[in-house]
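Work through the exercises below with the model open. Each task is followed by a stepwise solution.

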Amino acid sequence: MTAANENLVLALPKGRILKELMPLLKAADIVPEPAFEDDDSRQLRFSTNHPNLDIIRVRSFDVATFVAFGAAHLGVAGNDVVMEFDYPELYSPVDLGIGKCHLAVAEPNDLVKRDDPTRWSHVRIATKYPDITKRHFAARGVQAECIKLNGAMELAPKLGLARRIVDLVSTGTTLKANDLVEIERIVDVTSRLIVNRAALKTRPHDVGSWVERFREVADAA
Amino acid sequence: MTANADQALLPAGLQDLLPPAAAQEAGAVERLIQAFRGYGYDRVKPPLIEFEDALLAGAGAALAQQTFRLMDPVSQRMLGVRADMTTQVARIATSRLSRAPRPLRLCYGGQVLRVTGSQLRPERQFAQVGAELIGSESEHADAEALIMAVSGLNGIGAEGLTVDLNLPPLVAALAERLQLDAEVTQRLRQALDRKDAAAVAQLAGDHAPLFQGLLRAAGPAQDALDDLFALDLPERVQREADRLKRVVALVQAALPDLTLTVDPVEHRGFEYHRGVTFTIYARGVRGELGRGGRYTTDADGGPWEPATGFTLFMDSVLRALPEPAAPARVYVPHAHARTAARLRTDGWQAIAGLVPEDDPAAEARRLGCTHLLKNGDVQPLDDA
C-alpha cells in the first residue's frame, strides 16, 4: 500500500453532470483547488479543503471502473453506468437526485408504423450500453445484437448501421431532430454516490462519514 | 510470434507462479494449516474431481455454474472439478466421518478451478485454505472459526485486517413476514446487495423505512448493532441477531485490536448460509481475503448437522502480505561438498559449485547468493 492511497479519492465525471454537482459539493463542504474549475487545466488530480480527500476528474464510464477496482474510494455516476458494468464491488447508497434522464429504445418514425415488437426474435441495436441492452431484451426472449458506439447514436438508423438505438433521453429534442421516436423506456436515471465495497468495510469511519454527509445534502436538496 | 511465445501463452485466469511467489504461497498454506492444527483441526484431503451429482448436491448447487465438467470413461458418469472445497469437507463429515465424535474439527488446503473469474479477481485457479467445525450450534463455534481465521492471517504477516459480520437469513425472513412476493423479494435482495437506496425505496413500498433502516444499520460493529436492535425484527431473525451480538462480544474480547463492522443485509456469496457469516478484508487490498459462516451440512432432505467454517482465498491473501525477504543463500565453491552438507544441516541454503570457478565471488553474485564460503567461513558477499 502506497502513501498516495492513504488519501481518500473521490472520482467525478467530466461534463454535464459536473455543473449540477458543484452546488452539492459546496453543501457538503468540499471545495476543490481552483484549477478544478478551469477547463483548460490539464491537471487530473486535485486537492480539496480537506487534506485527506482528493478529487479525480474522469469520463463518466471510468468513474465506475476506478471505484470498482478501489483506485478511487468514492465516486459520482449515473445508475445507467452502474447497471452497465454491474460490478459486484460497487455500492450506490445515495441517490443524489441530479442528472435526471432515462434510458430508452428508439427507432425511426416510419418504422414505428409497421413494427410489431411481439414478433421480434432478434434485433440489431446501436448503443453505448450493450450489456443493459442485451439483458433488457433477453428478459423478454429477444436476442439483441449490439453495435457499441461511444456517441452520436442518433446517426445510426439514418446511415443504416442499425435501425434501433438505446440511448439516454432527457428532453427528447435530439431524438426528434433525427426523426426518431421513443418506443420503450428501460430505466430512469439519476446520479448516485457510489462507494467501493472494500473501502467502506475497511475504513468504516472515514468513508462512512462522507456517505452520511452526502445523504444529508441529498435529502436537504 | 515465435513458436516459443505461442507455447508460453496460458488460458485466461491461469498463471505460472514463479519464485519467490510459489514458495511464499506454499509456505503460507502450510503455516495456516499448522495454526489451525493448534486448535485441534485435523487435515483432510478430498479429491480434485468428483461425481457431479455429489459435488453439486445441497450447498454445492450454488457453484454449479462455476464448475468444469468432464465425462468419466470408466463409470460413464459426469464428473465435476471442484470449484470450492467446503462442500467436499461437509460430505466427508456426513459420510465417512459420520461416526467421529462431535463437534468435528477439520481443515484443508488445495487448489480449486472455476469456469470464470470476475473482472476484479480474474484468477480461475487458486488455492483455498479453510476449516470447518461441524456439529455445534454454539456461538462459541462461530467465534472460534472467526478468531482462528484472523489469528492465522495475522500469524503469516497479514496487516490491517477488517472483518464484516452479516446475517444473510434476515432479508428472506423479513420478506416472508411482510408477505412480499418472490419476484419483489429477489429484486429487493439485489438492490440491498448493491446498497442501491433509490431502488430499495421503490421496491419496498410502504416498508421502505424498515429496509432503509437496515441499509443504514451498517458500519462499525457497536453502532450497527444498536441500529439493528432498534428495529422490530421477526422472532426467527431476532434469535440470529442475538447470536450475532454474542459473537461480536466474544470476538472483541479475544481480538480487541481487530476492526469489526456489521452489515445485516449483505447476502452476496452467502446463498447457502443460515446464520452469522463473515467476510475478511485487508485495508488497501482489493477483494476479499476469505469468508465463512454458519450453514447446515446438507439441505436436500438427508441427515443434516449445524456447521460453521471459513475459506481463505490464497491469491487475495498473498496480496495482503509484505514482499517476502530474499533468502540468505551461500555459494559453496566447487569441491567443498562436505562443508555444503554441514551448512545445510545448520539451516543454510547452500548452492554447490558444479565445476571449478575462476572467481567464486562473481559466480556467487551471478547466481543471486547473499553469502560466500571463503577460507572455511561463511562471509556476506558485500565484504567478500
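The exercises take the two chains in turn and then the interface between them.

This is a predicted model, in which local features need pLDDT of at least 70 and side-chain atom pairs count only at pLDDT 80 or more, while totals for chains, interfaces and linings use all residues. Residues are numbered from 1 along each chain as its sequence is written, chains are lettered from A and ligands numbered from 1 in the order in which they are written, and side-chain values use heavy atoms, with hydrogens and water left out.

**Exercise 1. Describe the fold content and extent of chain A.**

Step 1. Count DSSP runs, taking H or I of at least four residues as helices and E of at least two as strands. Chain A has nine helices and eleven strands.

Step 2. Take the C-alpha trace along its principal axes: chain A spans about 60 × 35 × 35 Å.

Step 3. Apply the burial cut-off (under 20% relative accessible area, 1.4 Å probe, protein chains only). Of the 221 residues of chain A, 53% are buried.

Step 4. Consider contacts (heavy atoms within 4.5 Å). For chain A pairs at least 6 apart in sequence, 66% of contacts link residues at least 24 apart.

**Exercise 2. Characterise the interface of chain A and chain B.**

Step 1. Chain A brings 25 residues to the contact and chain B brings 25 residues.

Step 2. Compute the buried area (the accessible area, 1.4 Å probe, that two parts lose on being put together, summed over both). Phe69(A), Lys201(A) and Thr202(A) supply 27% of the area that chain A buries against chain B, more than any other three residues.

Step 3. Search for salt bridges (a side-chain nitrogen of Lys or Arg within 4 Å of a carboxyl oxygen of Asp or Glu). Eight salt bridges cross the interface. Lys201(A) also forms a salt bridge with Asp263(B), at 2.6 Å from N to O.

How values were computed: Buried < 20%, exposed > 50% of the residue type's maximum accessible area, 1.4 Å probe, protein only.
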